[in-house]
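Subject: Structure handover

Hi,

Here is the structure I promised to pass on. My notes follow below it.

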Amino acid sequence: MAKIKVLIVDDSAIVRKIFAEELSRYPDIEVVGTAPDPYVARTKIVNLKPDVITLDIEMPRMDGLTFLRKLMKYHPIPTVIVSSLTPAGGKLSIEALEIGAVDVIAKPGGSYSVANMSAQLAEKIRAAATAVIKKDHLMEREGRVSAIESISALAETTNKVIAIGASTGGTEALKTILTRMPPNIPGIVVVQHMPAQFTASFAERLNSLCQIEVKEAKDNDSVINGTCLIAPGNYHMLLRRSGARYYVEVKQGPMVHHQRPAVDVLFKSTAKYAGPNAIGVILTGMGSDGAEGLKEMKEAGAKTIAQDEDTCVVFGMPKEAIKLGAAEKVLPIHQIPSEIIRMVGK
């Protein structure tokens, strides 16, 4: 197989050197060049034709977001954002994903080892290499439909739970769904593969756009109507039940499918504690995380949905779920919100 050609764009010579050395250890990845700023990167993109770019957000001469906007408009290339682990870095990363970046990773710092980072970066580069970058921003265009009006049939659905899992490309897919949820929708629990500290920024951004309340989950948070809980980065989130009350358990633990949080952990706990009262949705992402869990949900009587190939950035997780027979419906992203509401009403 041909190697994945990568261009590293970062103003730090040390970071460029470390990334190039670390990525060269992977036989399927070739670093074809590095650039200290977007102006040099622009020339190297034309000459080297990389398959994937890693892009620092904070750079001199032209910041990463400005460059990314130009790149997505004139020469779309799958781009992995490399960001500092700060609140500001988190907000900029979420904006980059909205502009069209495929994924985001935190720069190594403190206890975050370079070795651990390089393995994750390699995985994200592999996912980005398979990503479909759509110039027409299909999901965004369809997602502009205004939020669905509150439906009276939802008033008696306090015992329902909606569980959603996503990875590469999932931030925009989730935005399409959550911005169209009415205020009295049953409680929603979400696992989106994302680095620690970035999930808080993601939840804040969604909360500013949605009629429902969206927040980063904390241990023992109740799952209630009109609220969406996002699993915090680096923590698994499980659904639990005490009497009529659903709540989440947020905890560490071994990675599942190389992920923490893992969609399978959420889905399997939802199958156990919500059974036929649940709706499971698996969205765009690389790998197979969530496929087995969605199958367990379906076997427990839950309604299940997988995003279709045409609207996925990476048709990995939904594909694996469909292969297992875990998905009752396979739908384009813009049809999923109304299908969730239809299923809730039933």
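Isoleucine 162 has isoleucine 188 of E7 as its bridge partner. E6 and strand E7 (residues 187–192) run parallel and are joined by six bridges. Helices (H or I, at least four residues) and strands (E, at least two) are DSSP runs, numbered from the N terminus. Two strands pair if DSSP finds at least two bridges between them.

This is a predicted model: local features need pLDDT of at least 70, side-chain atom pairs count only at pLDDT 80 or more, and totals for chains, interfaces and linings use all residues. Residues are numbered from 1 along each chain as its sequence is written, and side-chain values use heavy atoms, with hydrogens and water left out.

E6 is mostly covered, with six of its six residues buried. Buried means under 20% relative accessible area, exposed over 50%, partly exposed in between (1.4 Å probe, protein chains only). In a regular strand the side chains alternate between the two faces of the sheet. Both faces of E6 are covered: Val161, Ala163 and Gly165 are buried on one side, Ile162, Ile164 and Ala166 on the other.

The buried ones are Ile336, Pro337, Glu339, Ile340, Ile341, Met343 and Val344.

Next, an open sheet. Five strands form it in the order E2-E1-E3-E4-E5, with parallel pairing. Its edge strands, E2 (29–35) and E5 (103–106), each pair on one side only. Strands E1 (residues 4–9) and E3 (residues 52–56) pair in the parallel sense over four bridges. There, isoleucine 8 has threonine 54 of E3 as its bridge partner.

Last, the cavities. The whole structure holds two of 30 Å³ or more. A cavity is a set of points on a 1 Å grid over the protein atoms alone where a 1.4 Å probe fits but cannot get out; lining residues have an atom within 4 Å of a point. Volume is the space filled by probe spheres set on the points, which are joined across faces, edges and corners. The second largest cavity has about 60 Å³ of space. Of its 14 lining residues, Leu97, Asp103, Thr171, Gln192 and His193 are the closest to its centre. E5 and H7 are the elements that give two or more residues to that lining.

Best wishes

Conventions:
1 Å grid on protein atoms, 1.4 Å probe; cavity = no way out; pocket = protein on both sides within 12 Å on 5 of 7 lines; lining within 4 Å.
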